[in-house]
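Have a look at the sequence and the fold first.

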Amino acid sequence: MINAMTDPVSRVPDPDFRKKLLEIREMMGSWKQSEYLQQTVQGFRTQKGIYKPGGSEYALWIRQTLKGIYPDVEEPPLPDGSWTYLYTPESKEGRADLSLDTNRALIRSMEDQIPVGVFIERNLPGEKTTYEVMGLAYIDRFDGTHFVLRGLPIDFQSPPMKDPSSSRFQPFENDPLPVTNATIEIRNKGFMTAVRRAYRGRCSLCELGYTFRGEPIGLEAAHIIPVSAHGTSKDVRNGILLCKNHHDLFDRFLWAFDEDYRVVVSDDREFRKSAEKNHVMKAEGRRLSNLPGVEYDLPASEAVRFRLERFHSASDRSDVT
Ligand SMILES: [Zn+2]
């Protein structure tokens, strides 16, 4: 049972170990070449699998290579941005050897709810060995074959979500305590990463999506209830992945979408004329072409309704002026 109220990294007694975990969290969502990681991440040069620094009782990170047995299909993130990954530990004759030092360190991390860094090797055509930095994860359990890893949610002070279908959407930020800038920065990164994964790296409206060395270019996670209205950044259901162009137009309330995810476009005549050849006009009245593959990550109706209201009052204003 994972039970967190504070930053789980702060539970680590050793300040040096804590710093290293924070460095991995900083890189969350990025794709890095192996050479870079060898220079910046302790143990990466020499260790595969699980890395436990000398003298530490906990594991610092796990690295899954393409040669390992790994799940072919990775589940999309849950609405809170948490994810599950099955890690196959080292084994003897096909059986996981839990007496190994490294496996024991993982069990220790599990017992004390200390997160570990997770790196997964990705195949990029024509590129050097590259890893996706998944971020930090709890060791949820050992199922007899795998360690079940649960990625920290966007709101890393909360435990990861269990059942997405029964979790209520909280449209607005309601932090009881003041939130530091560092926390906001990590949450923004978490929101971007989770929305990007949920929309498989393509604009929801026009399906544009470029990547270079694994990093998406020109895409942004837009808030449906804006940040200025205290819309949440902790839940994928208040997000939609858009290319920069369509994000700009969305922010200016020149288009929106309804509860059936059908595109509505501003009736401003100047805008409509200028956008004649744009995707946004072609998409009018149609369903957004790229939506999350799982129902639980779809934009929440509450957020969509809030947005539509803003959209309609914005077009009313432009009629007057
Ligand atoms: Zn677009």
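Helices here are DSSP runs of H or I with at least four residues, strands are runs of E with at least two, and both are numbered from the N terminus. By that count, the protein has eight helices and 15 strands. Keep in mind that this is a predicted model, where local features need pLDDT of at least 70, side-chain atom pairs count only at pLDDT 80 or more, and totals for chains, interfaces and linings use all residues. Residue numbers start from 1 along each chain as its sequence is written.

**Overall build**

The C-alpha trace spans about 70 × 50 × 30 Å along its principal axes. The radius of gyration is taken over C-alpha atoms, and the globule rule is 2.2 Å times the number of residues to the power 0.38. The protein's 22 Å agrees with that rule, because a compact globule of 321 residues would come out near 20 Å.

Of the 321 residues, 38% count as buried.

**Two domains**

Domain bounds come from an automatic or database domain assignment. That assignment gives domain 1 (8-166) and domain 2 (181-320), and their centres, taken over C-alpha atoms, are 31 Å apart. Residues are in contact if their C-beta atoms, placed from the backbone, lie within 7 Å.

**The cores**

A nonpolar core is a set of buried Ala, Val, Leu, Ile, Met, Phe, Trp, Tyr and Cys residues joined through C-beta atoms within 7 Å. The largest one has 38 residues, and Ala59, Trp61, Val116, Val118 and Ala137 touch the most other members. Strand 8 gives this core its largest share, seven residues. Another core, of 35 residues, lies apart from it, with Leu205, Cys243, Phe250 and Ala303 among its members.

What does Val118 touch, leaving out residues up to four places away in sequence? Its partners are Trp61, Ile62, Tyr85, Met134, Gly135, Ala137 and Leu149.

**One proline**

Pro160 sits in the loop between strand 9 (147-151) and helix 4 (181-198). Is Pro160 buried or exposed? Pro160 is buried, because 22 other C-beta atoms lie within 10 Å. Asp140 is 20 residues away along the chain, and its C-alpha atom is 9.9 Å from that of Pro160.

Notes
Buried ≥ 20, exposed ≤ 12 C-beta atoms within 10 Å, placed from the backbone. Contact = placed C-beta atoms within 7 Å.
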